[in-house]
Amino acid sequence: MPPATKRPVVVFGPSGTGKSTLLKRLFAEHPGEVGFSISNTTRSPRPGEAHGRDYHFVTREEFVAAVERGEFIEHAEFSGNMYGTTVRAVRDVAEAGKTCILDIDVQGVRSVKATDLGARFVFVAPPSMEELERRLRGRGTDSEDSVMKRLQIAQGELEYGNQPGACDIKIVNDDVDRAYKALEQFVFGC
Ligand SMILES: Nc1ncnc2c1ncn2[C@@H]1O[C@H](COP(=O)(O)OP(=O)(O)OP(=O)(O)O)[C@@H](O)[C@H]1O
């Protein structure tokens, strides 16, 4: 098992709790120390995108075969293209000397737990459902339907995250500076 600070860190929690906000700051303040895994996709590269840097661009046949071999932590189809994260892609980040950060849903959390990646788990929780709703609306990126759907899914994610043993640390994102410090301390142990 690699040292704790090099083990992958999985960040999960309901949509709108502030995972992206916290991770954006972690990457800005610790460039070179943390990394995201490179996803596989069946979509075509866009101008300027490089294979192995932006995505691993693969054919649908290759993607499906890898799914059948159980190589994916999570995968999904969006507008006709498949996207997913392989166990290999997570290992590559650690082998490059960085802590791999995974921002995934509860299904993905279960899936990582079934691998031998030795990941650590951070549950980012909202201060309350009312505040979560305020943030989702305040973000201004979701339709009313989408906000309602996210809140419904949030209930199940909160139940999962609050179960004993679901995570190594629960961070309630009330004050963003305090929550960030807790995340930084957990990831780097400093
Ligand atoms: N501690 C905080 N206090 C108040 N607002 C916050 C806090 N943290 C984040 N926000 C705001 O809440 C909104 C949701 O945050 P963010 O997009 O980071 O959530 P997320 O968990 O990454 O969501 P998703 O899973 O949908 O990507 C954003 O508008 C963000 O600016």
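Among contacts in the protein chain between residues at least 6 apart in sequence, what percentage join residues at least 24 apart? In this predicted model, the share of such contacts that join residues at least 24 apart is 68%. The secondary structure of the protein chain comprises seven helices and nine strands, and buried residues account for 27% of its 190 residues. Along its principal axes, the C-alpha trace spans about 45 × 40 × 35 Å. The radius of gyration of the protein chain is 17 Å, which agrees with the value near 16 Å that a compact globule of 190 residues would have.

The domain assignment divides the protein chain into domain 1, given as 4-36 + 98-188, and domain 2, given as 40-85. The centres of domain 1 and domain 2, taken over C-alpha atoms, are separated by 24 Å.

The largest nonpolar core contains 26 residues, and those with the most contacts inside it are Val10, Val11, Leu102, Val122, Phe123, Val124 and Leu183. At least two residues of this core are supplied by each of the strands β1 (9-12), β5 (72-78), β7 (99-103) and β8 (120-125), and likewise by each of the helices α1 (19-29), α3 (87-95), α4 (106-113) and α7 (176-188). Strand β8 provides the largest share of the core, namely five residues. For Val10, when its neighbours within four places in sequence are left aside, the residues in contact are Leu102, Ile104, Val109, Val112, Ala119, Phe121 and Val122.

Four strands are arranged as an open sheet of mixed pairing, in the order β4-β3-β6-β5. Its edges are formed by β4 (56-57) and β5, each of which pairs on one side only. Strand β3 (residues 40-41) runs parallel to β4, to which it is joined by two bridges, and Thr41 stands opposite Phe57 in β4. By contrast, β3 runs antiparallel to strand β6 (residues 81-86), again with two bridges between them; here the bridge partner of Thr41 is Tyr83 in β6.

Tyr83 is also the bridge partner of Ala76, within the antiparallel pairing of β5 and β6, which extends over six bridges. These two strands, β5 and β6, form a hairpin with two residues between them, and in the turn Ser79 has a positive phi of about 35 degrees.

Methods:
Residues are numbered from 1 along each chain as its sequence is written. This is a predicted model: local features need pLDDT of at least 70, side-chain atom pairs count only at pLDDT 80 or more; totals for chains, interfaces and linings use all residues. A nonpolar core is a set of buried Ala, Val, Leu, Ile, Met, Phe, Trp, Tyr and Cys residues joined through C-beta atoms within 7 Å. A residue is buried if 20 or more other C-beta atoms lie within 10 Å of its own, exposed if 12 or fewer, and partly exposed in between; C-beta atoms are placed from the backbone. Two residues are in contact if their C-beta atoms, placed from the backbone, lie within 7 Å. Domain bounds come from an automatic or database domain assignment. Two strands pair if DSSP finds at least two bridges between them. The radius of gyration is taken over C-alpha atoms; the globule rule is 2.2 Å times the number of residues to the power 0.38.
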